[in-house]
Amino acid sequence: MTSLARETQRSGQLGSSSPENERYSRQILFRGIGEEGQRKLAAARVAIVGCGATGSALAGLLARAGVGTLRIIDRDYVEPSNLQRQSLFDEGDAAESLPKAIAAARKIAAFNSQVVVEPKVDDLVPGNIESLLEGTLLILDGTDNFETRYLINDYAVDRSLPWIYSAAVGSYAVTLNIVPGQTACLACIFPDSPRGMVETCETSGILNSAVNLVASVTATEALKLVVGGPSAPELRRTLLSFDVWTNEHAEISAAQPRPGCRVCGEHGFIHLAGEGRPHITLCGRNSVQIHERCRPIDFAELDRRLQPHGRVRHNDFVLKFWRDPYEMTLFPDGRAIIKGTTDTAVARSLYARFVGN
Ligand SMILES: [Zn+2]
């Protein structure tokens, strides 16, 4: 066989001299990845829950690295205040109020059309977690709240699926790899929502560099998990925190589960069971989310009906209705985000009045 034939055969297997392999050539050269690792990345399906700042950065890094399928789950739409740190979105997305999962899929298609993105415009809750996360190898946390993180933790421990907790607020970033059966789980470290983390991006602000730091560390751990499996020796087995402003950093060992942990020790999955979970919730930035009515909405018809009552606009993905001082964003499945109030009763009555019960 001539060297050219060998080369052709090799490229047939992996495409190492194809334009696509040219794309990953610098990553394949890195000895931790190699050709075998690149093939594993291409075959992997990874879920990213939440596509705000951290989720955007994670999705961008993993799509460029060649993770074959990304399932991006997000309940929200793009706004101008997101653009300072949410690297997958632009001014056009904000002007259109595009759902973040849809905008992310479009952006990724423009720089790596080989990656399959499965956008899910939905709020991850106990009732849909099974269908939203089914078939994924690894779950990454791009959420902004502990309720959803505890839900992911219950699901991951129950299914023995690895997941990576990541959070950033202000100048502070923190991350933890969770490999059920090996390491500590989220509830081992934080049996209850940690007090320091009740700060949110709305109250404390956020530096985009803190986001990118935690996303870089997390994306690298994700590569190790996909390429080397959950027992890969290079995986970090600590809770890592870093403040990019003060330069304080710390690592706490998370190599062992905590004896008696409610979740990974006793298999008490209260978040997965959805006990006492409200259907109407505050979701930051002076907003209330209503997700108790799951029924399809005809945007064109509702648009006509709302015309006399305020400003209204819709596209295929969202309908927006402005009625001073409130702004309601409706999704096709009937879920709504009502901005301008933190009073759930006000939000509920607005919804009942204009959308219906
Ligand atoms: Zn645990």
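The questions and answers below go from the chain as a whole to single residues.

Colleague: How many helices and strands does the secondary structure of the chain come to?

Modeller: This is a predicted model, and every value I give is computed from it. Of the 357 residues of the chain, 53% count as buried. Among contacts between residues at least 6 apart in sequence, 63% join residues at least 24 apart. The secondary structure comes to 14 helices and 14 strands.

Colleague: At what angle do helix H3 and helix H11 pack, and is H3 roughly parallel or roughly perpendicular to H11?

Modeller: Helix H3 covers residues 34-43 and helix H11 residues 208-228; their axes are 8 Å apart, at an angle of about 100 degrees. Angles of 65 to 115 degrees count as roughly perpendicular. Therefore H3, relative to H11, is roughly perpendicular.

Colleague: Which residues in H11 are met by residues in H3, and how do the residues of the contact divide?

Modeller: From H3, the contact takes in Gly-37, Lys-40 and Leu-41. On the side of H11, their partners are Leu-223, Val-226 and Val-227. The residues of this contact divide into 4 nonpolar, 1 polar and 1 charged.

Colleague: How far apart are the C-alpha atoms of Gly-32 and Lys-224?

Modeller: Gly-32 lies in the loop between helix H2 (19-29) and H3. Its relative accessible area is 39%, so Gly-32 is partly exposed. Along the chain, Gly-32 and Lys-224 are 192 residues apart, while their C-alpha atoms are separated by 8.1 Å.

Colleague: What distance separates the end C-alpha atoms of helix H6?

Modeller: Helix H6 has 12 residues, 100-111, and its buried residues include Ile-102, Ile-108 and Phe-111. At 1.5 Å a residue, H6 should span 16 Å. The distance in the model agrees with this, the end C-alpha atoms being apart by 17 Å.

Colleague: Is Ser-97 buried or exposed?

Modeller: Ser-97 is in the loop between helix H5 (91-96) and H6. Its phi is near 50 degrees, a positive value in a residue other than glycine, whereas most residues other than glycine have a negative phi. With a relative accessible area of 4%, under the cut-off of 20%, Ser-97 is therefore buried.

Colleague: Is Ser-160 buried or exposed?

Modeller: Ser-160 is found in the loop between helix H8 (146-159) and E5. Although it is not a glycine, Ser-160 has a positive phi of about 55 degrees. Because its relative accessible area is 52%, Ser-160 counts as exposed.

Colleague: With which residues is Gly-170 in contact, leaving aside its neighbours within four places in sequence?

Modeller: Gly-170 sits in the loop between strand E5 (163-169) and strand E6 (172-178), and at 16% relative accessibility it counts as buried. The C-alpha atoms of Gly-170 and Leu-207 are separated by 5.8 Å, although these residues are 37 apart along the chain. Beyond the neighbours set aside, the contacts of Gly-170 are Ser-204, Gly-205, Ile-206, Leu-207 and Ala-210.

Colleague: What is omega for the peptide bond from Asp-324 to Pro-325?

Modeller: Pro-325 is in the loop between strand E12 (319-323) and strand E13 (326-330). Most peptide bonds are trans. The bond from Asp-324 to Pro-325 is cis, with omega near -5 degrees.

Notes. Residues numbered from 1 in each chain as written. Predicted model: local features only at pLDDT ≥ 70, side-chain atom pairs only at ≥ 80, totals over all residues. Heavy atoms only, no water. Helix = DSSP H or I, 4+ residues; strand = E, 2+ residues; numbered from the N terminus. Expected span 1.5 Å × (residues − 1). Buried < 20%, exposed > 50% of the residue type's maximum accessible area, 1.4 Å probe, protein only. Axes fitted to C-alpha atoms, helices over the stretch in contact; angles between N-to-C directions. Parallel < 35°, antiparallel > 145°, perpendicular 65-115°, else oblique. Contact = heavy atoms within 4.5 Å. Nonpolar A, V, L, I, M, F, W, Y, C, P; charged D, E, K, R; others polar.
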